[in-house]
Amino acid sequence: MTVQAFAGEAELEDVLTTPSDALVADLAQGSGDLVILGAGGKMGPTLAVLARRGMDAAGRGSDQVHAVSRFGDGAVRDRLEAAGVRVVSFDLIENDDFSALPDAPNVVFMVGAKFGASTAPSWAWEVNAALPDRVARRYRDSAIAVMSTGNVYPFVTAASGGASEDVAPAPIGEYAQSCLGRERVFEFGAQERGTRVSIIRLNYAIDLRYGVLADIASAVHAGQPVSVATATVNVVWQGYANEVVLRSIAHASSDVFTVNLTGPEILSVAAVARRFGELLGRDVDLIDEPQPTALLNDSRRCMALFGYPSVAADTLIALQAAWVEAGHPMSAKPTKWAVRDGRF
């Protein structure tokens, strides 16, 4: 993608939901409806529309995309319905009877609790570990793509290249621990019932309205200090991230397919902040002592299977600066990517 500022949310969402040829080719090999559980979150709406557009392009117009969520935001619901997505209002925590959920051979599980996990850990475990058991049983005969997080890994040095899928998990804090619990519950379903599962460990999606780059750019633009205690970070364009989630369904297996989802670059937070200073015409105040480790993922398996992101990190930085400078909407949902003690 060339560096060109987006005119606003409509153009951003159009780009985020335009399927690549590779996605269309993969979807053309599949069949049946798709259920997206937790489709009302940050990534869910664009993933649902991308799936609908991709399936249409693949000649699967008769297969439905079901977006399941409480949908507290009516505007999100309306946008999905306008795009041809079937909206299913359903509270996965409060409802015990999952028989009302649509049947489908393909499922994406996106439900998660992160913020507040340190103050309400039982809630985090209910959402991140207990709920997956009910979902795994309901969709035992489906292929399930499970969204997880790179937080399940230990902190590593930038020189290591990031934690690969072969690195043993060592989660810090209730959030990361309960996310590993989510993975283990789906793994149990795969082992005991033969359910096909793919697990996607994500760090960190960039949508321009939120994400690591939005956090740093907003701080620089506002003249606020940027901590470099967490000195390095991974990011990835959300359009690519959503495509990998959908394409991973074809790799789902009872042996459990696991892949790290992030960009190929390990970024210096200080360098990113200084670049934003240049682009936004601001002085940059870097604070705190850089630590030698961070949560970093090795994405080589992802790149080998799904290709490289269509938007490189330097382009994302330029796009993010232009978005902030234009005063386009932000989600007001900080990622807390720099947290080092696992307390979210």
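Modeller: The lining of the second largest cavity comprises 8 nonpolar, 2 polar and 1 charged residues; here Ala, Val, Leu, Ile, Met, Phe, Trp, Tyr, Cys and Pro count as nonpolar, Asp, Glu, Lys and Arg as charged, and the others, Gly among them, as polar. The model is predicted, so local features need pLDDT of at least 70 and side-chain atom pairs count only at pLDDT 80 or more, while totals for chains, interfaces and linings use all residues. Residues are numbered from 1 along each chain as its sequence is written, and side-chain values use heavy atoms, with hydrogens and water left out.

The lining itself consists of Phe155, Tyr204, Thr230, Thr232, Val233, Ala294, Leu295, Trp337, Ala338, Val339 and Arg340. A cavity is a set of points, on a 1 Å grid over the protein atoms alone, where a 1.4 Å probe fits but cannot get out, and a lining residue has an atom within 4 Å of a point. The volume of this second cavity is about 50 Å³, a volume being the space filled by probe spheres set on the points, which are joined across faces, edges and corners. In all, 3 cavities of 30 Å³ or more are counted by this rule.

The largest cavity holds about 60 Å³. Around the largest cavity stand Asn151, Tyr153, Phe155, Ile172, Ala176, Leu295, Val339, Arg340, Asp341, Gly342 and Phe344. By class, the largest cavity has 7 nonpolar, 2 polar and 2 charged lining residues.

The largest nonpolar core contains 78 residues, and Ile36, Leu80, Val108, Ile216, Tyr240, Leu261 and Phe276 have the most contacts inside it. Such a core is a set of buried Ala, Val, Leu, Ile, Met, Phe, Trp, Tyr and Cys residues joined through side-chain atoms within 4.5 Å; buried means under 20% relative accessible area, exposed over 50%, and partly exposed in between (1.4 Å probe, protein chains only). Helix H11 (residues 313–325) contributes the most to this core, with 7 residues; helices (H or I, at least four residues) and strands (E, at least two) are DSSP runs numbered from the N terminus. A second, separate core of 26 residues includes Phe109, Ala136, Ala190 and Val197.

Beyond its neighbours within four places in sequence, Val108 is in contact (heavy atoms within 4.5 Å) with Leu34, Val35, Ile36, Leu37, Ala145, Val245, Leu246 and Ile249. Its bridge partner in E5 is Ala145, while Val107 stands opposite Ile144 in E5. Strand E4 (residues 106–109) and E5 pair in the parallel sense over 4 bridges, where pairing requires that DSSP find at least two bridges between the strands.

Strand E5 (residues 143–149) is largely enclosed by the rest of the structure, because 7 of its 7 residues are buried. Ala143, Ala145, Met147 and Thr149 lie on one face, and Ile144, Val146 and Ser148 on the other. E5 also pairs with strand E7 (residues 196–202), in the parallel sense over 7 bridges, and Met147 has Ile200 as its partner there.

Finally, two residues other than glycine have positive phi. For Lys336, phi is near 55°; Lys336 is found in the segment after H11 and is partly exposed, with a relative accessible area of 38%. For Asp288, phi is near 75°; Asp288 lies in the loop between strand E14 (286–287) and strand E15 (293–294) and is partly exposed at 47%.

Key
On a 1 Å grid over the protein atoms alone, a cavity is a set of points where a 1.4 Å probe fits but cannot get out, and a pocket is an open set with protein on both sides within 12 Å along at least five of seven lines; lining residues have an atom within 4 Å of a point.
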